Amino acid sequence: MSEPVIEIKGVTKSFGEMEVLKGIDLTVHEHEAVALIGASGSGKSTLLRCIDLLEEIDDGDIFLDGEVITDPSVDPVGVRRRLGVVFQAYNLFPHLRVLDNVTLGITRAHGVDRAKAEGQAREILTRFGLGGREDEKPSRLSGGQQQRVAIARAFATRPRAMLLDEVTSALDPELVGEVLSAVRDLKSEGVTMVIATHEMGFAREVADTVGYLHEGRLVEIGPPEQVLEEPQRPETQRFLRRLLEARRV
Amino acid sequence: MTPPDRRAERAAAKRRKDRRTAAIAAVSTILVLGGLVALVLTSPGWPDVRETFFDADYFAETFPDIARAFWLDIRVFVVVEIAVLILGLGLALTRTSSSPGLFPLRLLAAVYTDLFRGVPVILVVYLMGFGIPALGVNVEAVILGGIGLTLCYTAYVAEVYRAGLKSVRPTQREAALAVGLNERQAMRHVVLPQAVRNVGPPLLNDFISLQKDVALLAIIGVTGEAFREAQIFASTDFDYTPLLGAALLYLAVTVPMARLLDVWERRQDR
């Protein structure tokens, strides 16, 4: 198998008394897409935030390209420049045009000159079906379009890995498809990804590996057809059964 | 029988209602304003007031001097406002920072804000105008007064900025960090622009207050200031018309600012 891009070893994280991550081990290889599934509060989002150093972990270590990033001596800014994050609530910059949302990181964080950055941004926006919307403010766009801008913004600097945090959970059902197809597009290019998601069908289709998080532990991990169709652990079986029942109602 | 045209009926009813609304507004306006004017004009002291406050000839005679003096007000306002905008921002950023090295500065900033927000502007101007010269420092009164105004308004404006910084959701800072900006860049390019936009109207409100408070410089003997000039005219001839002239000059600046504020607020709502 190819080189590991992200390695998570024995990571724990508490918020006050509440232990959200109870010793997570996970390896994400180059070009691999790992989907994290699990109930709300199981720790999916927290894990992604820990990888991007938006949260400080309590114990364990996280490595990016073989280099430890969770050591206190490591500058988080340099690490974040090598990762791309897409948030559930898009979190676009409302005061900036769509184009400037995408170029801000390219110019300020990566020192690319303005003209070149704009060229790159236009190209990537067009690719995600947003050509012609460059000069508009994000608030003029639909939720699906905003989330695609957010994906373009995160991907514009060609990060080593993309971290997608429930990118369709805030969307109206009819807008989910366009965002998923943008993620599919990233996958077809071989982008390394960690995807926290509630969309089981999507996880099955795009992910190479599915991990089931239950109360801060990664209780089951493997290829999607195994974890989603023949889960070994009772927690996973219960979770999938409940999802199935909910869909039938 | 033809069915009644409901659409036409409704439109007619709406027209009748609109006409009634407009008529009521017009009548009540005439009654209230007319009543007030009548009250003033029929009051026993009106002839004297008209003579001492609304003397057209004296107005024409003194207005040019007062208008010239108002130029000083404008200059003081502009200089103080620029200083306040810069210092207030510095103060707000200091107070909202979390860096441990800045702790003593944060403490001082909090004390400063409490102090100058809690004392009347007129008192600070007075203390500056008479206290500093008493120390043996020889500075022009207009500069001392300007510093007094700056001290007070920096405290107000810093609080406005601080409210603005708080109004930007923390997810915005996080999103900025996530695209690879450092803390300073996130503040400069993402948080601050949104913060200032959110507090535009209250900032402009403080501009208007400051513009009026420049008149306080009169009490520490700043000559050539519009209110002081009008006061001198008024006290020499016991005719208060020049004060009316000064009032009009202040309004000429503050009313457009207030309208600008309305436009700004309306644009934000959109």
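Student: What is the hand of the crossing of α6(B) and α8(B), left or right?
Tutor: The crossing is right-handed. A crossing is right-handed if the near helix is turned clockwise from the far one by less than a right angle, and left-handed if anticlockwise. This is a predicted model: local features need pLDDT of at least 70 and side-chain atom pairs pLDDT 80 or more, while totals for chains, interfaces and linings use all residues. Residues are numbered from 1 along each chain as its sequence is written, with chains lettered from A and ligands numbered from 1 in the order written.

Student: Why is α6(B) called oblique to α8(B)?
Tutor: The axes of α6 (141–167) and α8 (183–198) of chain B cross at roughly 120 degrees and come within 8 Å. Angles run from 0 to 180 degrees between N-to-C directions, on axes fitted to C-alpha atoms, for helices over the stretch in contact. Under 35 degrees is roughly parallel, over 145 roughly antiparallel, 65 to 115 roughly perpendicular, and the rest oblique. That makes α6(B) oblique to α8(B).

Student: Which residues make that contact?
Tutor: α6(B) brings Tyr161(B), Gly164(B), Leu165(B) and Ser167(B), and α8(B) brings Val191(B), Ala195(B), Val196(B) and Asn198(B). Contact requires C-beta atoms, placed from the backbone, within 7 Å. By class there are five nonpolar, three polar and no charged residues. Nonpolar covers Ala, Val, Leu, Ile, Met, Phe, Trp, Tyr, Cys and Pro; charged covers Asp, Glu, Lys and Arg; the others, Gly among them, are polar.

Student: Glu229(B) sits in α10 (226–237) of chain B. How do you know whether Glu229(B) is buried or exposed?
Tutor: Count the other C-beta atoms within 10 Å: Glu229(B) has 24. Buried needs 20 or more, exposed 12 or fewer, and partly exposed lies in between. Glu229(B) is therefore buried. Leaving aside neighbours within four places in sequence, Glu229(B) contacts Asp65(B), Ile66(B), Ala69(B) and Gly224(B).

Student: What makes β2(A) and β5(A) edge strands?
Tutor: Their open sheet has four strands in the order β2-β1-β4-β5 (chain A), with antiparallel pairing. β2 (18–29) and β5 (67–68) each have a single partner strand, so one side of each lacks a neighbour in the sheet.

Student: How do you know that β1(A) and β4(A) pair?
Tutor: Two strands pair if DSSP finds at least two bridges between them. Five bridges join β1 (4–15) to β4 (59–64) of chain A, and the two run antiparallel. In β4(A), Phe63(A) is the bridge partner of Glu7(A).

Student: Which strands are the edges of the six-stranded sheet of chain A?
Tutor: The order is β6-β7-β8-β3-β9-β10, an open sheet with mixed pairing. β6 (83–86) and β10 (217–222) are the edges, each pairing on one side only. The twist averages 15 degrees from one strand to the next. β9 (209–214) and β10 of chain A pair antiparallel over five bridges.

Notes. Two residues are in contact if their C-beta atoms, placed from the backbone, lie within 7 Å.
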